[in-house]
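Let's take a walk through this fold, one piece at a time. Keep the model open and follow along.

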Amino acid sequence: MDVDSPAARWEQRTEIPLFVASMAFMAAYATRVLAVDLSSGWRNLCLAAMLTLWVVFAVDYLVRWRLGGQHFLRFVTTHVLHTLVVILPLLRPLRIVPLYDAVQRRQGDPRLSLYARVIAYASLSTLLLGFSGALAAYQQERGAPGATMRTFGDAVWWAASTLSTVGYGDVTPVTTLGRVIATGMMACGLGLLGAVTGSFSSWLMQTFSREGDREGPPGR
């Protein structure tokens with residue numbers, strides 16, 4: 001995408017406000033899920049805030065489509081992450097890379113190396129995904145017959161073991177939607193773990209290669 005195009009300018013101007021909006025959406029959702037003694041008025045206020053923010057995300061999606069000048073179906077298939085975060089607004093904070101790019105355009109050259117940025121992106125994405133997944137799974141699992149996820153702490157433990165691909169099995173989802181969430185988190189966990197492992201391995205190889213170049217060939 002051309003950095004001077006209308007779509008690029010729109011993304012640069014809106015990425016930070018939309019990230020803040022996504023965190024507000026997550027806060028409202030977490031309040032509804034975790035604050036069980038919340039009055040109906042506050043619960044309705046949180047719901048209204050979530051619906052309003054979802055409309056904001058949907059408007060942003062439509063503006064990006066119009067500025068992109070593509071057929072709608074082509075836009076949907078070529079902007080999978082944009083489409084996904086409109087369907088599942090809890091995943092909106094995972095747009096860390098475009099957010100960082102928007103910030104960097106205002107601040108100059110990156111201060112971290114490529115490998116450090118990849119590891120930082122993956123780590124932050126894992127934290128946000130784990131918290132979102134724990135909330136969504138806990139909402140579905142609590143009170144379900146035969147559920148082992150009885151508290152939010154159980155949900156956080158389950159999310160950590162799922163994203164790390166360890167899968168202890170002491171806490172498992174029993175509802176259909178809970179298992180769908182688990183499947184998505186497994187896939188994301190594999191991808192994030194692969195990104196971190198690959199970046200760290202590449203950094204080690206580059207470091208050892210530079211050290212070998214400085215030492216030069218062994219003397220005869």
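Thr165 has a positive phi of about 65 degrees, and it sits just after α7. A quick note on ground rules: this is a predicted model, where local features need pLDDT of at least 70, side-chain atom pairs count only at pLDDT 80 or more, and totals for chains, interfaces and linings use all residues. Numbering runs from 1 along each chain as its sequence is written, and side-chain values use heavy atoms, with hydrogens and water left out.

Back up into α7 itself, residues 152–163: its 12 residues reach 16 Å from first C-alpha to last, close to the 16 Å expected at 1.5 Å a residue. (Helices are DSSP runs of H or I, at least four residues, numbered from the N terminus; the expected span is 1.5 Å times one less than the number of residues.) Phe152, Ala155, Trp158, Ala159, Ser161, Thr162 and Leu163 are buried in α7, meaning under 20% relative accessible area with a 1.4 Å probe, protein chains only.

Trp158 turns up again in the largest nonpolar core: of its 33 residues, Trp158 and Tyr29 touch the most other members. Such a core is a set of buried Ala, Val, Leu, Ile, Met, Phe, Trp, Tyr and Cys residues joined through side-chain atoms within 4.5 Å. α1, α2, α6 (114–141), α7 and α8 (176–215) each supply at least two residues of this core, and the largest share, 8 residues, comes from α1.

So how do α1 (residues 6–34) and α2 (residues 40–68) meet? Their axes, lines fitted to C-alpha atoms over the stretch in contact, come within 9 Å and cross at roughly 160 degrees. That makes α1 roughly antiparallel to α2, a label for angles over 145 degrees, taken between N-to-C directions on a scale from 0 to 180.

Conventions
Buried < 20%, exposed > 50% of the residue type's maximum accessible area, 1.4 Å probe, protein only. Parallel < 35°, antiparallel > 145°, perpendicular 65-115°, else oblique.
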